[in-house]
Amino acid sequence: MGILDGNIPLQQLRQPDDQLPTDTSIEQRRTEDSVLECFVPYAPHNIYRRSLESIRLERENHIRYLKRGLDHLSRWMVALDASKPWIVYWILHALELLEGNISDALVERTISTIRSWQRPKGGFGGGPDQLPHLATTYAAVNALAIIGTQEAYDVIDRESLYAFLLSMKQPDGSFTMHTGGEIDIRGSYCALSVAALTNLLTPELMKNCADFIRRAQTYEGGIGPYPGKEAHNGYTFCGIAALEILGELDTLNVDKLIKWCAGRQMSLEGGFQGRTNKLVDGCYSFWGAGDFPILRASVQRSLKDQDFDYLFDREALQEYILLCCQSEYGGLIDKPGKGADYYHSCYCLSGLSTAQHLISYDQTKADLLRERGLNPSQGGLGSLMWACANDFMVVGDTDNLLAPTHPIHNIGMKKVRDMILHFYAEEFGDTTVQSLFPHDETPVETAWDE
């Protein structure tokens with residue numbers, strides 16, 4: 001599919017305009033104009049059309065931008081003083097997707113820094129001596145998973161971490177983000193993702209969690225931050241990923257959910273919006289596209305082994321990211337005319353990876369594990385059931401292919417497996433059990449080389 005590989009004139013793909021201008025419609029048209037400037041050189045009816053194969057991911061430029069951020073931050077970043085774990089996670093994950101290496105000295109410095117953010121009573125704060133927070137705890141644990149060494153794993157004090165997670169838990173199944181803080185579905189996802197990776201997912205922690213998330217599904221089909229609030233793509237991803245960890249995704253109205261999620265992909269831009277009647281934004285390349293590997297698994301479970309692709313236009317999303325979201329100075333952006341930042345770099349690349357790779361839940365292996373009395377529908381074992389197929393869809397130069405990212409935790413597939421196998425060593429140490437775990441398919445090139 002794709003926007004630029006079809007026969008429809010680009011102007012016909014604009015959002016319908018009722019000629020009654022509002023601030024929303026004016027901004028939508030400006031955004032479409034800026035996207036068209038990027039698309040026209042590759043447009044189907046341009047007689048001077050450039051080849052789509054010439055589209056390049058400026059990999060080395062982005063790697064340089066990201067590595068500078070690990071060494072030095074500009075003054076305006078003081079506004080994110082309470083988000084240090086996020087900055088580290090955004091940069092490390094973007095680098096792992098780009099397959100950019102960092103030095104051993106920087107790895108040691110990163111581990112030491114993250115250790116200083118861990119609080120005595122559990123969890124990680126946004127910096128030294130800051131309150132522990134579920135969001136920064138999620139980011140810190142993900143960053144340690146990406147580093148993936150024994151020293152990194154040893155940073156995590158699981159006993160105090162569990163006490164912290166449980167202290168954030170509310171009777172209705174929700175989580176408060178920090179002591180006295182707000183309650184929303186981000187908290188559910190952050191807490192459950194961390195618990196799944198570190199073998200802390202207990203019945204006590206999971207109690208009523210699925211019910212709280214189910215009640216946040218709206219009449220549109222998406223999921224809001226809290227029951228009764230508007231559906232939003234970021235909260236929708238958090239909600240469905242959390243339910244997948246719990247083994248409860250199929251209890252949602254999945255048909256309405258799929259319709260809402262698919263409707264967030266823009267017809268001209270190819271990227272995703274966060275809510276109905278909002279603008280495209282590069283960060284929703286993941287928060288939007290990231291819904292679909294999980295939704296595909298849900299549908300496949302109900303249809304019993306029928307195979308099909310993700311239910312969004314994978315090529316169109318790649319076109320938006322590669323042509324509209326790359327800064328000439330390195331890093332990735334929200335939309336044309338915006339500046340690069342680490343947040344958008346991380347989630348644009350995460351979305352690009354999701355669109356390129358086909359990652360599936362292996363129901364056959366899950367059934368074999370279930371026969372052995374294990375529960376592959378939830379927690380860490382559920383996260384091990386995902387595998388990357390040797391089936392790529394790459395827009396532009398073949399060198400644009402990124403490393404795959406895990407559909408639930410948004411870190412590298414191998415990094416998820418390594419952390420889970422470390423913290424679940426007693427449960428999954430049996431080699432006969434491990435032999436049943438799915439593995440990524442070997443790329444064709446590697447098979448030929450062998």
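At what angle do the axes of helix H7 and helix H8 cross, and within what distance do they come? In this predicted model, the axes of H7, formed by residues 158-168, and H8, formed by residues 185-198, come within 11 Å and cross at roughly 155 degrees. Angles over 145 degrees count as roughly antiparallel, and H7 and H8 are therefore roughly antiparallel to each other. The crossing of the two helices is left-handed. On the H7 side, the contact is made by Arg158, Leu161 and Leu165; H8 contributes Ala191, Val194, Ala195 and Thr198.

Along the principal axes, the C-alpha trace of the protein extends over about 65 × 55 × 55 Å. A compact globule of 450 residues would have a radius of gyration near 22 Å, and the value of 21 Å computed for the protein therefore agrees with that expectation.

Of its 450 residues, 58% count as buried. Among contacts in the protein with a separation of 6 or more, 73% are accounted for by residues 24 or more positions apart.

How values were computed: Residues are numbered from 1 along each chain as its sequence is written. This is a predicted model: local features need pLDDT of at least 70, side-chain atom pairs count only at pLDDT 80 or more; totals for chains, interfaces and linings use all residues. Side-chain values use heavy atoms; hydrogens and water are left out. Axes are lines fitted to C-alpha atoms, for helices over the stretch in contact, and angles run from 0 to 180 degrees between N-to-C directions. Helices (H or I, at least four residues) and strands (E, at least two) are DSSP runs, numbered from the N terminus. Angles under 35 degrees count as roughly parallel, over 145 as roughly antiparallel, 65 to 115 as roughly perpendicular and the rest as oblique. A crossing is left-handed if the near helix is turned anticlockwise from the far one by less than a right angle, and right-handed if clockwise. Contact means heavy atoms within 4.5 Å. The radius of gyration is taken over C-alpha atoms; the globule rule is 2.2 Å times the number of residues to the power 0.38. Buried means under 20% relative accessible area, exposed over 50%, partly exposed in between (1.4 Å probe, protein chains only).
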